[in-house]
Every structure is written in C-alpha cells, then in structure tokens.
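Dear colleague,

Please find below the structure that I am handing over to you, followed by an account of what was found in it. I would be grateful if you could read the two side by side.

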Amino acid sequence: MDRIRIRGGRPLKGEIQVSGAKNAALPLMAAALLTDDALTLTNIPALADIATLSGLLAQLGVEQSSGTAADGTRSLTLHARQITSTRAPYDLVRKMRASVLVLGPLLAREGHAEVSLPGGCAIGTRPVDLHLKALELLGAEIELKDGYINARAPRGLRGAEIVFSKVSVGATENLLMAAALAKGTTRLLNAAREPEVVDLAECLVRMGAIIEGIGSDSLTIQGVPRLHGARHPVVADRIETGTYAMAAGITDGALELVGARLGHLRAVADVLEQTGVELSETNRGLLARRMNGRLHGVDVMTEPFPGFPTDLQAQYMAMMTTAEGASMITETIFENRFMHVPELTRMGASINVHGSSALVRGREGLTGAPVMATDLRASVSLVLAGLAAEGETVVSRVYHLDRGYERVEQKLAACGAEIERLKD
Ligand code: UD1
C-alpha cells in the first residue's frame with residue numbers, strides 16, 4: 001500500500017488547476033443509463049471512484065470510451081445502447097456507496113433493479129431509506145432481501161410529491177434521474193441544492209428532461225418518455241478547491257486555484273476570511289492567500305449547501321490546530337466523522353471531542369509523525385497538517401486519498417511542497 005511522505009514547513013506558492021468534481025461526475029455517469037444515446041462528459045477527474053463506477057456501468061452493459069476534450073481535459077463517453085444487467089453487486093457497492101445512484105436510472109428505464117445495500121462505512125451508518133421511500137412514492141415496489149434492494153416498477157414510475165424529511169444529496173440525485181422518465185409531474189421538496197445536484201440537473205436538461213427550480217430546494221420535474229444524448233462538462237470540484245485554499249492558509253502561502261468558482265464556496269470564504277485567509281476572485285479562478293500574522297480560531301458548523309460542507313470539516317480542523325485561540329467545530333451531517341482527531345493529536349494538536357463537537361485549542365506548531373488515513377477527507381487533512389508540521393510526516397493508507405484527489409502530490413509539489421509517494 002502506498003504511503004505519502006511530507007517534510008513540512010514550506011509555504012505553498014503557485015497555481016493549481018482544479019479538477020472536475022468527483023461528486024458531480026459520479027451521478028452524471030449514472031445518468032448515462034437513462035438513454036440509449038451516447039452521453040459525453042468532459043473534465044472527468046482521474047480518480048479511483050470514477051474507475052469503480054465505470055466498472056459497475058460496464059457490468060450493466062454501458063459501452064465506454066475515454067479521450068481528451070478540446071480543452072485538454074479527460075472526457076468519457078458512455079453509451080447505454082442496451083442494458084444487459086440490472087444488478088449492482090455487493091463487491092462494487094461496498095467499495096463505493098455512490099454506486100446506489102444506479103438505482104433510480106435502472107428502475108426508470110428498465111422497470112427493475114437489484115442493488116446491494118451499501119452497508120456501514122467509516123463515517124457512519126449512512127442509510128438509504130430516503131432514496132427508497134421516495135422511489136416507493138413514485139410507484140416502485142421495494143423489497144430488501146439477502147442484503148439487496150429489489151426494486152420493481154412493472155407499470156412504470158408515476159410522478160408524485162415528495163417531501164424529504166432530511167436533506168440528502170444522493171436521494172435528490174436518484175429521484176431527479178428517476179422522475180425524468182416517470183409519467184407525469186414530480187415535485188421534490190426539501191431537496192439538496194449542492195452545486196453537484198445542480199450540475200446533474202443541468203445535464204439532464206441537456207438530455208431533454210424538463211426541470212424547474214434548479215438550484216433551489218424545490219424541484220419540479222415533468223417526466224418525458226425518452227431522453228437523448230448530450231455533451232456536458234463536469235463542474236469544478238469545490239471540495240478540492242477548499243482543500244487547497246486551506247493548504248495555502250495552513251502553510252502561510254498563496255495559491256491561485258484555476259477554474260474554481262467563489263459562488264460555490266461562499267460559506268467557506270466567509271469563515272476563511274475570519275481566520276485570516278483571503279479568498280478572492282481572479283480572472284482564472286480564485287486566489288487563496290494568508291493575510292498577516294497567525295490564523296485566528298473561528299467556530300464552524302457543517303450544514304447542507306449553501307452552508308459549510310462536511311467534506312471540508314477535517315481539513316478545516318487541521319488548519320485550526322495551528323490557529324491562535326480556540327475553535328469549536330460541530331459536525332451535523334455525519335456521526336463518527338472525527339476519525340482524524342487521534343491522528344492530528346499524534347502530531348501535537350490539542351483537540352477534545354464532545355459528542356458531535358470538537359474543541360480545537362490552537363498551538364504554535366505541529367510536529368511530523370507517522371499517521372494513518374481513515375477516510376477520504378480525513379486523509380487529506382493529515383496531508384495539510386503534514387505540510388505545516390515541523391519534520392517528517394508519513395501518511396499511510398493513501399488509497400483513501402486516491403479515491404478523491406487527482407494527482408495530489410504532483411499538484412502540491414509543483415507549488416513548493418516537499419512531498420513524495422512511497423510505493424510499497
Ligand atoms: C454526498 C457526497 C458526500 C458528502 C455528502 C453530504 C457524493 C458521492 N457524496 O453523500 O461526499 O459528504 O453528500 O454533503 O456526492 N441519509 C439518511 N437516509 C438516506 C440518505 C441519507 O438518513 O437515505 C443521511 C445520511 O446518513 C447523512 C445525511 O442524510 O447523515 C446526508 O447524506 P447525503 O446527503 O445523502 O450524503 P451522500 O449523498 O451519501
């Protein structure tokens with residue numbers, strides 16, 4: 001298993017090209033199941049999770065070819081001419097929960113699907129009850145058997161009004177895709193409005209879907225009998241952007257994040273500014289720059305978009321370990337998402353967890369240590385801590401990092417970080 005070695009203490013300076021968002025690319029790839037025409041996605045990031053979904057789609061009969069788009073980004077053409085299987089097996093779903101996003105499209109197009117229940121994962125139980133209840137309201141018959149979701153809609157799906165009891169990105173995406181091919185009108189209330197949900201809705205519209213309210217928490221979908229092919233660029237990754245902005249913050253550096261959009265990071269920019277890190281627009285993206293002096297401790301609570309994202313909580317905590325003063329970080333989206341705390345503590349951080357809140361008492365500096373990645377965002381928080389720490393940090397289990405960060409060590413090294421991958 002690969003490890004990453006970092007010698008910390010160098011301010012990061014330079015520019016980083018932001019990749020396409022993993023969390024947008026995954027539902028967009030699943031949307032290819034909705035049509036027998038080809039869907040071409042550009043700005044596809046090269047990530048392990050993309051390869052995992054690609055493998056699952058291939059098992060379902062989706063032909064795929066990758067190439068290079070005119071703008072130099074990687075493109076992926078997915079062609080679900082004929083769906084040859086409607087079963088998403090345990091070994092793939094277990095690897096990546098987002099595999100459950102094939103459920104809505106398969107059900108809408110084929111009238112049946114068998115998708116393994118994702119089971120637990122490192123950051124909590126993460127059920128799929130909201131997806132299933134909403135699909136039942138569209139007329140699906142759902143049975144849980146032998147660890148699988150068996151869903152059938154023999155007479156097709158019918159539009160309905162769905163009020164989500166909790167904001168869920170994945171459930172909103174699954175329902176958007178299912179409703180696009182349902183008979184009649186579907187209303188999704190208390191829907192997620194993350195930029196990745198917006199990106200999916202915009203792609204579906206390009207494919208011929210009729211959707212109103214895009215970007216709001218109330219979506220109205222007028223079902224159509226068929227969708228067609230399209231070409232769609234994957235939105236820039238706001239989580240990758242926020243991560244590198246915090247890398248500039250924690251190392252007292254300045255990074256231009258090419259392709260990033262401020263509108264997707266307003267809550268983060270507000271918090272960063274209070275800590276002493278400015279995020280300003282340039283004509284190519286955003287400039288993240290530490291202003292004078294030490295970082296200040298600022299409290300944060302994670303929330304659905306447009307609030308502060310849970311996917312940046314671990315990275316923010318790493319930054320706060322070196323701030324002046326204390327900060328209270330409250331996680332409201334996932335339970336058990338503080339697994340980076342013991343690892344940061346091994347690097348000299350002072351953090352006390354009380355239920356869903358962590359009290360971080362900032363210290364003058366961190367010290368390098370061998371640490372272990374536990375999940376995707378936790379692992380990058382250890383990289384950030386390592387970049388700021390004195391001495392050497394070795395992060396093991398970096399396969400977590402490879403699920404969601406494209407060429408992370410190359411991108412950081414090009415901005416002056418002393419970082420290398422150790423192959424085992
Ligand atoms: C997506 C993102 C993930 C991000 C999360 C929250 C992808 C591939 N992943 O995950 O990176 O951290 O949004 O922004 O886009 N819940 C239920 N029942 C359900 C579904 C969800 O109780 O049926 C709960 C979850 O346990 C969690 C909350 O709702 O507490 C939000 O989860 P959700 O928005 O669904 O996250 P994902 O779509 O899995």
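Asp375 caps the N-terminal end of helix H12, with a side-chain oxygen 3.0 Å from the backbone nitrogen of Arg377. Please bear in mind throughout that this is a predicted model. H12 covers residues 376–388, and its end C-alpha atoms are 19 Å apart; at 1.5 Å a residue its 13 residues should span 18 Å, so the two values agree. Because 12 of those 13 residues are buried, H12 is largely enclosed by the rest of the structure. The buried residues of H12 include Leu376, Arg377, Ser379 and Gly386.

At the start of H8, a side-chain oxygen of Asp237 comes within 2.9 Å of the backbone nitrogen of Ile239. Just after H8, Asp252 has a positive phi of about 60°.

Within H8 (residues 238–250) sits Thr241, which counts as buried at 1% relative accessibility. The side chain of Thr241 reaches the backbone oxygen of Asp237 at 2.7 Å. Beyond its neighbours within four places in sequence, Thr241 is in contact with Val18, Leu257, Ala260, Leu265 and Leu286.

Ala21 belongs to the loop between strand E2 (13–17) and helix H1 (22–31), and at 1% relative accessibility it counts as buried. The C-alpha atoms of Ala21 and Asn43 are separated by 8.5 Å, although the two residues are 22 places apart along the chain.

Asn43 itself lies in the loop between strand E3 (38–42) and helix H2 (48–59). Its phi is near 60°, a positive value in a residue other than glycine. Asn190, in the loop between strand E11 (185–189) and helix H7 (195–206), likewise has a phi near 60°. As a general point, most residues other than glycine have a negative phi, and most peptide bonds are trans. Are these two asparagines buried or partly exposed? Asn43 counts as buried at 18% relative accessibility, whereas Asn190 counts as partly exposed at 29%. With regard to peptide bonds, a cis bond joins Phe305 and Pro306, with omega about 10°. Pro306 is in the loop between strand E18 (300–301) and helix H10 (313–320).

Helix H4 (residues 103–110) is mostly covered, with 6 of its 8 residues buried. They are Leu103, Gly104, Pro105, Leu106, Leu107 and Ala108. Among the elements that cover them are H1, strand E7 (112–116), helix H5 (129–137), strand E9 (148–152) and helix H6 (169–180). Just after H4, Gly111 takes a positive phi of about 85°.

Leaving out residues up to four places away in sequence, Val102 touches Leu33, Leu53, Leu56, Leu57, Leu60, Ala88 and Val115.

Which residues are closest to the ligand? Of the 19 residues that surround the ligand, the closest are Asp129, Leu130, Ser168, Asp311 and Ile333.

- An N or O atom in the side chain of Asn23 is 3.0 Å from an oxygen atom of the ligand.
- A polar side-chain atom of Lys166 lies 3.5 Å from a ligand oxygen atom.
- A backbone N or O atom of Val169 is 2.7 Å from an oxygen atom of the ligand.

Finally, on the cysteines, the structure holds 0 disulfides. Cys203 is buried, with a relative accessible area of 0%, and Cys415 is buried as well, at 3%.

With kind regards

Methods
Residues numbered from 1 in each chain as written. Predicted model: local features only at pLDDT ≥ 70, side-chain atom pairs only at ≥ 80, totals over all residues. Heavy atoms only, no water. Helix = DSSP H or I, 4+ residues; strand = E, 2+ residues; numbered from the N terminus. Expected span 1.5 Å × (residues − 1). Buried < 20%, exposed > 50% of the residue type's maximum accessible area, 1.4 Å probe, protein only. Polar contact = N/O pair within 3.5 Å; in protein donor to acceptor, adjacent residues only side chain to side chain. Disulfide = S-S within 2.5 Å. Contact = heavy atoms within 4.5 Å. Near = heavy atom within 4 Å.
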